[in-house]
Amino acid sequence: MAWIRCGMKVLAAGALAAIAACSGGSNSDQRFADSSNGADWPGYGRTFGEQHFSPLDEINAGTVGRLSLAWSLDLPAGNTVSQPIKVDTTLYFVTGQAIVHAVDAATGKPLWEHDPKVGEAAGFKMRYAWGTRGLVWYDGRIYVGTMDGRLIALDAATGKEVWAVQTISKGSRNYITGAPRVFGGKVLIGFGGADVGPARGYVTAYDATSGKQLWQWFTVPGDPAKGFENKAMAMAAKTWAGEWWKLGGGGTVWNAMSYDPETDTVFLGTGNGSPWNHKARSDGKGDNLFLASIVALDGRTGSYKWHYQVNPGETWDYTATNDMALATLKTGGKPRKVLITAPKNGFLYVLDRTNGKLISAEPFAKITWASRIDLATGRPVESPEARYPAGSTAVVWPSDRGAHNWSPMAYSPQSRLAYIPVNEKAGSWADYGLAGAAWRKDMPVGDLQTAAMFDLYPKTGDPLDGTSKLLAFDVVNGRIAWSQPTPGPLGGGVMASGGNLVFQGRLDGRFNAYQADNGHLLWSFDAHAPVQAPPISYSVGGRQYVTVLSGAGTGVAFIGPPMARLAMDYRTQPRRVLTFALDGNAPLPGAKPAALAPFADPGFKADATQLPRGYFLFATRCLMCHGVDAVGAGAAPDLRASPVPLEQAAFAQVVEGGGLVAAGMPRFTDISDADLAAIRQYIRSRAAAWRAQGAGK
Ligand code: HEC
């Protein structure tokens, strides 16, 4: 029996009853308890504490050699990087434009599908499509967010829509890609968009049953002339300068949230500044709260409790939106309730989650923007030149992609190691942006033009590729326990399990299991397609399963040329749900993706006058899906291998006419004929360069 304080009331209760009593929630909250047995995986990261850890141990370091395919399900082209969830006997996952699928968790038999018709609803927001990364179950419902900003509740048994609310303005450049979170009868959702135009971050809590709005919390202050929404905003406004509100400010909560039921506290990971450049955003002054921060809110009211900012005056797209694992750790001889996060900036932070106090911050990757985090002040000791002073350029580690991005890490309470998919790459920074566009306050917003990053290939270290690894970090002692190199500059999401195992997919199509305590590779499966999605584990009828989605999605387009070696064609790479169990006996699906070749283009005439404009337009509007240097990376077709750019009319039909909107190709209504011709010239010149290297012969 424990005594639990809920607001003003003191209750004598067992922990699970206390969760429901404190938060006003239903029994559904019990499924999200960190102590649950692992049969279900109902939300992102499995439980409220989001450790991406399964306690199940039938599949373990001793038995994993017998792990094989139990069933698989082919999926249509489109984004396949979401983390599935499993409740009772059903597996749910989301693909493409927020299409939710329900299948039998033991056999893969399809049960229902729900298509929210995002292509039709999203309009110009489609061009920022990063793909939905997850969904959540609560009390017989499935909740998912869409690009166009809807939060949708579906009946978990039938897939019928129960309610839908519009959570962001339709005319904004904001969109939802992250998984909603649930607790105490509420659904919580944020959004993204601070890279592509003005965005002022907020999260909104809705009643899970009715969809009624309960509370909303902004992450950055608005126009002071209009008054501040709460004391936290008045406090934050003191850390901003200039007319920041005209540019939004940023701080979107596009990915990470976790929840502590004992104290009814929600933790938010907030994003980068909008625009990125601190000088452009806030006259180069002030910390700019609550950008790049961990913020704790009261779950019932949404009021501010505390914050910890990882990057004061953020200016490199260093978000703090990476997953936050909650754990109890013994430090200084006593157990402490902590929050563990490994944000883009390359330090692994351990915070006391009862008050936000910094316990430790140790580097887990190459870092040059700061030498260390001062534990006394909690602030970084920055390298001044990393802020690209006027007229200078700075090569800074890590890049805007971050030492760790959205692919979740896992934390094992058994090994006390955090397993981080680490990216190592530098970024180039200056006051101008991608494709050399000078940043101006009056420039048309959007399409990555707010960036201060100007070169995707800094000439430092291993410029073209960057490297990546799976790194096990000893959270208690602040040091690296082991690491395994992974191919390319980006690794897949991670899951740890009670069987002393760590699972991770890779860009080259391998899905691997490592021994959690020493990093030895124990098992490997060839998916023939990049595996970026976070795996999960669950049990049905006492049998343990491991599930992951295969197929390229969010982020690979920014890799470009290094992806060419992996030759992952958008249309022919096998996108699947892959479910494994001990002694599984499903046939191995074959079929490697088809090899790509440049399209023959005998009529091509190089026109150097059009090229710079074509490059600029491609880099700012098309690159994020069709790849750096027009090298398709599997997230959209390789346009060098397409006949469509050869004909102005066919090209215009797709790009302006919106002929492929339902398939995920946005409609661009704001590109002139001359600009379309310039983009075609650029794409065809890239194909010619590929042919000159001997491709397609
Ligand atoms: C948000 C992601 C995204 C962006 C941004 C994007 N595309 Fe696409 N594009 C796609 C997808 C996905 C397809 C494949 C649709 C399908 O399955 O037919 C596609 C298909 C195409 C095709 C047809 C290729 C073929 O062989 O069928 C062309 C041409 C094209 N895009 C050009 C462009 C241009 C030019 C831009 C920039 C002005 C652009 N796209 C921006 C996602 C995108």
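**Aromatic contacts**

1. Tyrosine 514 is buried, at a relative accessible area of 1% (buried is under 20%, exposed over 50%, partly exposed in between, with a 1.4 Å probe and protein chains only). Keep in mind that this is a predicted model: local features need pLDDT of at least 70, side-chain atom pairs count only at pLDDT 80 or more, and totals for chains, interfaces and linings use all residues. Numbering starts from 1 along each chain as its sequence is written, and side-chain values use heavy atoms, with hydrogens and water left out.

2. Searching the whole structure gives 34 aromatic pairs (Phe, Tyr or Trp rings, the six-membered one for Trp, with centres within 6.5 Å; planes under 30 degrees apart are stacked, over 60 edge-to-face, the rest tilted). Tyrosine 514 pairs with tryptophan 482 in a tilted arrangement, 6.2 Å between centres and 35 degrees between planes. Tryptophan 482 sits in strand β35 (residues 479–486) and tyrosine 514 in strand β38 (residues 510–515), so the pair ties together parts 32 residues apart in sequence (strands are DSSP runs of E, at least two residues, numbered from the N terminus). Tryptophan 482 is buried too, at 8%.

3. Tryptophan 523 and phenylalanine 580 pair edge-to-face, at 5.2 Å and 85 degrees. They belong to strands β39 (residues 521–526) and β42 (residues 576–582) respectively, so this pair links parts 57 residues apart in sequence. Both residues, tryptophan 523 and phenylalanine 580, are buried.

4. One aromatic cluster is made up of Tyr308, Trp316, Tyr318, Phe347, Tyr349 and Trp369.

5. Now for charges over rings (NZ of Lys or CZ of Arg within 6 Å of the ring centre and within 35 degrees of the ring normal). Lysine 366 lies over the face of tryptophan 397, 4.3 Å from the ring centre. Arginine 640 has its charged end over the ring of tryptophan 690, 3.6 Å from the centre.

Notes
Helix = DSSP H or I, 4+ residues; strand = E, 2+ residues; numbered from the N terminus.
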